[in-house]
Amino acid sequence: MATSDQPKQFIPLNIAVLTISDTRALADDKSGTTLVERLQGAGHTLAAREIVQDDVEAIRAVVKRWIADPGVDAIITTGGTGFTGRDVTPEAIEPLFEKRMDGFSIAFHMMSWGKIGASTIQSRATAGVAGATYIFCLPGSPGACRDGWDGILAAQLDYRTRPCNFVEIMPRLDEHLRRSKS
């Protein structure tokens, strides 16, 4: 179990939130609002927030823009991880990953199992790294967003978490791009 090393200084991250939905607007986006409230409550900064339709190219365009933005450290998406014809978030985002984070999906499903049982298999929650930016794709329910943040992301995006966290390795995420080619 991860613990927090309180003497270490908290390092706030700039986190963008993308809701993927054909039916939501900011006024009724409960999942996106849940993520914004949680990340800001933890001391992080909301770098950007958008809603985009369930369309591969539309999703990819926003995520690519945020990956290229040095002011965005992490992206959290909500929605489009199911199995219906309109659920295309993994198809849109996974090809952008330089490194896939298989453990995120496993941890998410283990945590969800205790709450919703076998229904957790209906989610294709995924995560990875692209352009030195963390990307986490959560299901489109407020409960799944709460679980993903509270059970995984809050600790992993906190520099004080031990034995390890994502913040401490951020400076090394792009070292493959900085290596000289000889």
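Biologist: What classes of residue make up the lining of the second largest pocket?

Modeller: This lining has six nonpolar, one polar and six charged residues. Nonpolar means Ala, Val, Leu, Ile, Met, Phe, Trp, Tyr, Cys and Pro, charged means Asp, Glu, Lys and Arg, and the others, Gly among them, are polar. The model is predicted: local features need pLDDT of at least 70, side-chain atom pairs count only at pLDDT 80 or more, and totals for chains, interfaces and linings use all residues. Residues are numbered from 1 along each chain as its sequence is written, and side-chain values use heavy atoms, without hydrogens and water.

Biologist: What makes a pocket distinct from a cavity, and which residues lie nearest the centre of the second largest pocket?

Modeller: On a 1 Å grid over the protein atoms alone, a 1.4 Å probe fits in a cavity but cannot get out, whereas a pocket is an open set with protein on both sides within 12 Å along at least five of seven lines; lining residues have an atom within 4 Å of a point. The second largest pocket holds about 270 Å³, the space filled by probe spheres on grid points joined across faces, edges and corners. Of its 13 lining residues, Lys99, Val129, Ile169, Arg172 and Leu173 lie nearest the centre. At least two lining residues come from each of β5 (99-100) and α6 (175-178); these elements are DSSP runs numbered from the N terminus, helices being H or I of at least four residues and strands E of at least two.

Biologist: Why are α1 and α5 called roughly parallel?

Modeller: The axes of α1 (residues 30-41) and α5 (residues 142-156) come within 8 Å and cross at roughly 25°. Axes are fitted to C-alpha atoms over the stretch in contact, with angles from 0 to 180 degrees between N-to-C directions. Under 35 degrees is roughly parallel, over 145 roughly antiparallel, 65 to 115 roughly perpendicular and the rest oblique, and α1 and α5 are therefore roughly parallel. Contact, meaning heavy atoms within 4.5 Å, joins residues including Leu35 and Leu39 of α1 to residues including Cys145 and Trp149 of α5.

Biologist: How do you know how α4 and α5 are oriented to each other?

Modeller: Their axes come within 10 Å and cross at roughly 120°, and α4 and α5 are therefore oblique to each other. Among the residues in contact are Phe104, Phe108 and Met111 of α4 and Ile152 and Leu153 of α5.
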